[in-house]
Amino acid sequence: MKKPKNPFSRNFTILIVVVALLIGGGLIFQNEEETEEIPFSSVAQGIQENRIKKIEVKGNALTITTISDEEQKARKEAEVSLTETLKNYGVTPEQLATLDIETKDATGWEKAAPILLSILPPILLIGLLLWFILRGAQKGAGQAFSFGQAKAKMFGGKQGMKQDVTFRDVAGEEEAIEELKEIVEFLKTPKKFLNMGARIPRGVMLMGPPGTGKTLLARAVSGEAGVPFYSISGSEFVEMFVGVGAARVRDLFQNAKKTAPSIIFIDEIDAVGRLRGAGLGGGNDEREQTLNQILSEMDGFEQGVNVIVIAATNRPDVLDPALLRPGRFDRRILIDLPDIQARKNILELHTKGKPVAKDIDIHLLAARTPGFSGADLSNLVNEAAIFAARRNKAKIEQQDMYDAIEKVLLGPERKTRTYLQKDKETAAYHEAGHALVATILPDSDPVHKISIISRGRAGGYTLKLPESESSFRTLAEFEAELAVMLGGYVAEELTFKELTTGASDDLKKASDLARRIVTRYGMSKKLGPVVFGERDEAVFLGKELSERRNYSEEVAKIIDEEVKRLIIAAQETAEKILKKETGQLKKIADALLEKETLEKEEFETLMGIAPKKTSDEKSDSQESAKPTTQAKPSVPASPRQEKTDKE
């Protein structure tokens, strides 16, 4: 595709050429006038020595021809005749008689040319600059009337760009694909549904966390349907002038109706689809005007007009209810974080076509990446490929994948970071405390890796992998999680008889978890199954700007007491375990000081634990990783893997 020529660049080039020609012409003319100019005294001397045969007089300019037919230039005094000037220089009448003196009058061009050539270039330059300024102002005035034109990119159709993405390029979202296949069928064979009295859906809302593939699915719909596909972001409707967004909505829907059947895809619709009346500006707010126009356009679809609107958002909770009612966005498709099987399919898709070693276990990689979105998994494979290339390998190996997971989660290794021996010992005992408490408590997940190598902001970390993937958590699991979080804190205190700032992140996460247990999960016996605290949302300024207390000071005191009780109980549990297993704690810390990293097999051998069969070997059930410092959610979800670290 050829790039369009820039008119400004072409006109500027013409301007430079014209000015250069004028200046060059002036210089040439000036050079012609000044060629071989000699003093007048040399002219008089040449006449006296009979070396000059002809003098041509044109104004004050003299053209002298010598005996050898050589031409020279000279100038005489103004308003004085040539003969009188020569006599003043001592030339006799007899010597003048031997000369051929010819007088010519200068033409008007020859008189005016030097003046014109000296003043014309700057005048022309100023004129052209004024022309460019006026032309730009005229163009800007024309663009002011084009603000209302939609800036949507068109795919498919006769004039649109080709869309190569299809459903074959999407993995891990089978339910969403089935729903969208129905939309493709509506567009291809609408009569089949109309004959049954079915109404074609007008809108489809794709909802889910960032990176789960909402935009990719919309592009796949375009590739499958083969109909014109208009793609635009919600922020492109918003301008500094009120009413521009509404005009662009009208223009977009008008173009889509002309090319029906077609699809309109609005990405990040929450930029204009937020709850009305909750922000600044009232009814004159530009976002509200744009939203009102979208609603009216979707209501204005005539029967038989095959235009379907697909919108995507990762914040469905802030959308205006009018957008989600039947007749507008009839279908709402939830695209959640992938489970272990979906992660396995996504990893297989992204490793396809890459030089991957045969011994790579995709299932183990999927088990180590809970909470990873499709975009995270794509980035993971890319990081692994970079690791393999930097290590001059021919293929991507399993260790490259593991290193990529840790880099995505924690950041790159900082091996060059130097620690004092005391700091290194503190980090070793801190991580050993986490690992030992997690191993002893039955409700905690088994440890799969311990490291005191600094990564990102973490001075060390302990990685745990649950034996099965679960969407719900119990109070016993939460209490075990709190004890594991405080294991590093207690280990430092018992070993060194003093505390450091290394456990600050663990304490913060433990306090947050304990407060959620009391105020959000209803697991406090004193307070009962009640949720405390309401979050106020300022839609114009941002979500969750502040949290409002809906309880009294007496209840606040009880909440604080319950949070403290959970923390103290967890501390006592960790302390009891570590005091009893002091030898094991030292053994783990010494191994970390020697090797810096302990994998699952090494740790189990060190602890004398018989290797257990994985759940995959038992029943091929799903397996996933989770952090040691934050709880699983209390609602069905796939939490992202985290870590217990020492900062």
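Are Arg 473 and Glu 481 buried or exposed? Both residues are buried. They also pair with each other: their side chains meet in a salt bridge, at 3.8 Å from N to O. The model is predicted. Side chains of opposite charge can pair when their charged atoms come close. The count of salt bridges here comes to 24.

**A pair between distant parts of the chain**
- Lys 449 and Glu 599 form a salt bridge through their side chains, with 3.6 Å from N to O.
- This pair links distant parts of the chain, 150 residues apart.
- Lys 449 sits in strand β11 (residues 447–451), and Glu 599 sits in strand β15 (residues 597–599).
- Lys 449 counts as buried because its relative accessibility is 6%, under the 20% cut-off.
- Glu 599 has a relative accessible area of 24%, so this residue is partly exposed.

- Arg 516 and Asp 512 form a salt bridge, and their closest N and O atoms are 3.0 Å apart.
- Both residues belong to helix α19 (residues 504–519).
- Arg 516 has a relative accessible area of 13%, so Arg 516 is buried.
- Asp 512 is partly exposed, because its relative accessible area is 41%.

**A network**
- Some salt bridges link up into a network.
- Its members are Arg 391, Lys 393, Glu 397, Asp 400 and Asp 403.

Key:
Residues numbered from 1 in each chain as written. Predicted model: local features only at pLDDT ≥ 70, side-chain atom pairs only at ≥ 80, totals over all residues. Heavy atoms only, no water. Salt bridge = Lys/Arg side-chain N within 4 Å of Asp/Glu carboxyl O. Helix = DSSP H or I, 4+ residues; strand = E, 2+ residues; numbered from the N terminus. Buried < 20%, exposed > 50% of the residue type's maximum accessible area, 1.4 Å probe, protein only.
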